[in-house]
Amino acid sequence: MKKPLIIGSSILLILLIPPIRVYMESIMIIHMLVQLPLLIIAGWFLGDYMISKIPKVFILSNDNGVPGIILFVAITMFWMLPRTLDEALTFPMYELFKFVSLPISGILLVDSWGKINDLGRIFIYLNYLSMFALMGWLYLDSPIQICNNYLVDQQKVLGWGFIFITAIMVLYVVQYVFTDQSELEET
Amino acid sequence: MSTVIGNNKPKSNNKLIGTSLVIGGVVIAAMMIFGILMLLAQGGVISVSDAMFYQFLTIHGTGMIGAAALAAAGVMWYFLSRYVNLSRKVFIWFLALVLIGVVMVVVGVFSFKFASAWTFLYPLPAISASAWGTIGALLYLIGMLILGTGFLLLYIDTGRAIIKTYGSLGKGLGWDVISGKKRLEDAPPKVVVASTMVTIVNTSALIAGATVLIMNIINVINPSFTFDPLLAKNLTYAFGHIFANAIIYMAVIVVYELLPKYANRKWAVTKLFLVAWTMSTVFTLLIYTHHMLMDFAMPKWMLIMGQALSYANGLPVLVVTAYGALQVVHKSGIKWDMASGLAFLSMFGWTVGVVPAIVDATIVVNHVMHNTKWVPGHFHMYMGLGAVVMLFSFMYYLAKIDSNVKESKLDKIAFWCYALAIFSVSAQFLVSGALSTPRRWAIHYPGWMTPAVFGAIAGVFLVIATSIFIIHFVRYMKNRGTLGSDMNEQETA
Ligand code: HEM
Ligand SMILES: [Cu+2]
């Protein structure tokens with residue numbers, strides 16, 4: 001089963017191609033809401049492959065999924081801070097850290113998501129929901145330019161991007177809790 | 001599916017539930033003392049610095065809402081756990097997180113002088129004119145966030161469990177019965193309907209609350225990040241109104257469970273009952289806008305909706321519950337003791353307490369009564385004589401079915417003492433409101449002082465009565481499982 005390995009590494013490699021990388025990072029919303037998530041997705045596929053190759057490591061280090069998910073939340077929250085995005089453009093070490101830490105968070109996510117229970121999953125999901133809403137609000141309302149590298153207009157676009165994601169997440173929850181889940185359970 | 005599943009060994013959970021009620025009860029009694037101190041200060045009897053008064057106001061509001069919600073959640077969990085599989089571990093986490101949050105709030109208020117009132121309305125936490133600093137604000141806001149996280153975990157668990165057993169939250173509210181797809185006999189029990197409603201509204205409230213709390217935290221840490229204050233106010237009251245409102249919807253479950261047992265009659269779920277709860281679910285989510293009636297920048301339709309739905313909000317559930325309770329009790333030869341008496345009293349308190357609220361939710365009246373003591377008048381009545389009395393009713397109920405601790409004459413005296421005292425405290429607020437006394441003022445003109453002093457005296461009797469209730473319950477906690485009446489195992493729905 002090499003497929004996840006191929007998908008994961010090709011996403012990562014494509015993201016690394018200099019013109020693509022520079023283009024993506026030149027637009028704030030693409031940087032935050034396309035490049036960063038794609039890095040996590042690349043990690044997800046790589047993790048899928050690694051779990052099948054070296055399951056022991058994952059069982060030993062992340063038995064119940066809790067350490068993994070906490071690290072995942074920490075890494076993604078770090079990259080949601082407006083300032084870190086800015087520094088990634090200014091300091092190459094930050095940029096390198098971004099390309100390492102986010103795929104790792106993807107690996108942690110794929111390993112942990114299956115291990116934590118329903119309660120943990122819903123809790124994490126709702127956390128991101130309110131976090132995204134807040135980020136949207138912050139970028140939309142900020143009277144000042146938060147980043148050196150991006151203009152206020154770009155901030156606003158990003159803000160709406162976050163609000164859009166939040167709205168989708170809310171709709172998903174609403175349809176989930178109000179449609180019948182019992183047939184699904186029994187299969 | 002209306003079969004009874006879940007952890008059907010209620011007694012093993014009694015200690016856990018009892019703990020939430022003891023903590024809730026003791027905090028409520030302690031907060032009453034701060035209430036009395038405030039009234040004495042407003043009445044000119046003692047002198048309290050202005051800064052201190054607002055610390056009292058903050059701790060009293062936060063503590064009362066938090067403690068009543070904690071205890072009410074215990075009541076809901078106790079009854080709901082008979083129908084769905086709830087996690088004990090989550091309840092322990094809930095208790096722990098709430099306690100941590102409370103400690104942080106208390107330290108923030110008393111050691112660091114944080115005093116924005118429990119509504120922490122943006123941008124007050126950051127702009128205090130040096131009355132308090134960053135640390136106090138952060139302790140309070142993060143404490144509230146942790147407390148809220150505890151509640152959120154609890155409601156995720158109840159929601160998860162209800163969906164697992166009944167299929168969806170819609171079915172938990174009995175929508176398939178309302179639409180006629182399912183027979184009335186298979187409707188979810190009243191406990192499940194009420195718990196589903198609370199799960200829906202409080203999860204929404206807590207998410208709004210978390211967002212606005214973190215926003216405030218960012219603003220306190222770095223004031224150059226500013227936010228739209230009107231949106232902040234909307235979110236804050238969406239959280240505060242719903243969360244405070246949900247307390248009575250959790251606590252009322254004890255009335256549903258207890259009165260039929262005592263009266264030895266069935267209290268069947270009707271279509272009207274289900275419709276009423278669904279209506280209140282929707283209304284509760286929308287009517288926080290009645291807190292914005294003075295904000296001219298709000299869209300007009302939202303204010304009109306706020307007014308119209310506020311009239312309607314509590315009423316559906318209140319009417320079906322009060323009517324149902326009367327029907328169950330009427331000519332049933334019910335045995336009156338502390339538990340059933342308190343349950344009945346709470347229905348009275350709820351009904352009476354709603355009237356001033358409805359009056360105030362009228363825009364025309366609100367222009368006059370807004371921010372007068374009329375407002376605390378209404379919610380002290382319906383919280384103090386409604387929701388909190390339901391909690392005490394549950395305490396006596398649990399003590400009766402799970403121990404041989406007997407009720408004494410003293411308890412009966414406490415019952416009447418409590419009823420009269422909380423009625424006086426509330427009436428005092430209403431009179432002050434009618435005299436146009438503003439709420440949340442540390443200092444009163446001489447003409448406003450008399451009701452406050454009267455209220456403080458009544459408050460002392462209230463603390464005594466409450467202490468007697470709590471002592472009875474603590475005695476039960478020490479003698480748990482000694483006897484237990486057969487009512488414990490009896491089935492009703
Ligand atoms: C001995 C009983 C009590 C007394 C003497 C008392 C007294 C007071 C006073 C003086 C205020 C401030 C009024 C003002 O705005 O000027 C107040 C506010 C408040 N009380 Fe009580 N109270 C009592 C019981 C309760 C109970 C049982 C609850 C709810 C469970 C409660 C919840 C509140 C809340 C939420 C506020 C609003 C705080 C704010 O405006 O931020 N109180 N109370
Ligand atoms: Cu309200």
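This is a predicted model: local features need pLDDT of at least 70, side-chain atom pairs count only at pLDDT 80 or more; totals for chains, interfaces and linings use all residues.
1. His241(B) belongs to helix H8 (residues 229-251) of chain B, while His290(B) sits in the loop between helix H10 (271-286) and helix H11 (300-313). That pair is 49 residues apart, so distant parts of the chain get linked here.

2. Buried means under 20% relative accessible area. His241(B) comes in at 11%, so it counts as buried. His290(B) has 18%, so it is buried too.

3. **The iron atom.** Now look at ligand 1. The protein donors of its iron atom are His60(B) and His380(B), both using NE2, at 1.9 to 2.0 Å. His60(B) is in helix H2 (residues 50-80) of chain B and His380(B) is in helix H15 (residues 374-402), so the pair ties together parts that are 320 residues apart in sequence.

4. His60(B) counts as buried because its relative accessibility is 12%. His380(B) is buried as well, at 18%.

5. **Around ligand 1.** There are 22 residues surrounding this ligand, and Arg439(B), Arg440(B) and Gln42(B) are among the closest. A polar side-chain atom of Arg439(B) is 2.8 Å from an oxygen atom of ligand 1. Helices H1 (10-42), H2, H15 and H17 (449-478) of chain B each give two or more residues to the shell. H1(B) provides the largest share, with six residues. Sorted by class, you get 14 nonpolar, five polar and three charged residues.

6. **A stop in chain A.** Is Leu39(A) buried or exposed? With a relative accessible area of 0%, Leu39(A) is buried. You'll find Leu39(A) in helix H3 (residues 28-53) of chain A. Setting aside neighbours within four places in sequence, Leu39(A) is in contact with Leu12(A), Leu15(A), Lys98(A), Phe99(A), Leu102(A) and Pro103(A). As for Pro18(A), it is 21 residues from Leu39(A) in sequence, and their C-alpha atoms are 15 Å apart in space.

Methods: Residues are numbered from 1 along each chain as its sequence is written. Chains are lettered from A and ligands numbered from 1 in the order in which they are written. Side-chain values use heavy atoms; hydrogens and water are left out. Helices (H or I, at least four residues) and strands (E, at least two) are DSSP runs, numbered from the N terminus. Buried means under 20% relative accessible area, exposed over 50%, partly exposed in between (1.4 Å probe, protein chains only). Donors are N, O and S atoms within 2.8 Å of the metal (3.2 Å for Na, K and Ca); water is not among the atoms, so sites may look incomplete. Contact means heavy atoms within 4.5 Å. A residue is near a molecule or strand if one of its heavy atoms lies within 4 Å of it. A polar contact is a pair of N or O atoms within 3.5 Å; within protein, one must be able to donate a hydrogen and the other to accept it, and residues adjacent in sequence count only if both atoms are side-chain atoms. Ala, Val, Leu, Ile, Met, Phe, Trp, Tyr, Cys and Pro count as nonpolar, Asp, Glu, Lys and Arg as charged, and the others, Gly among them, as polar.
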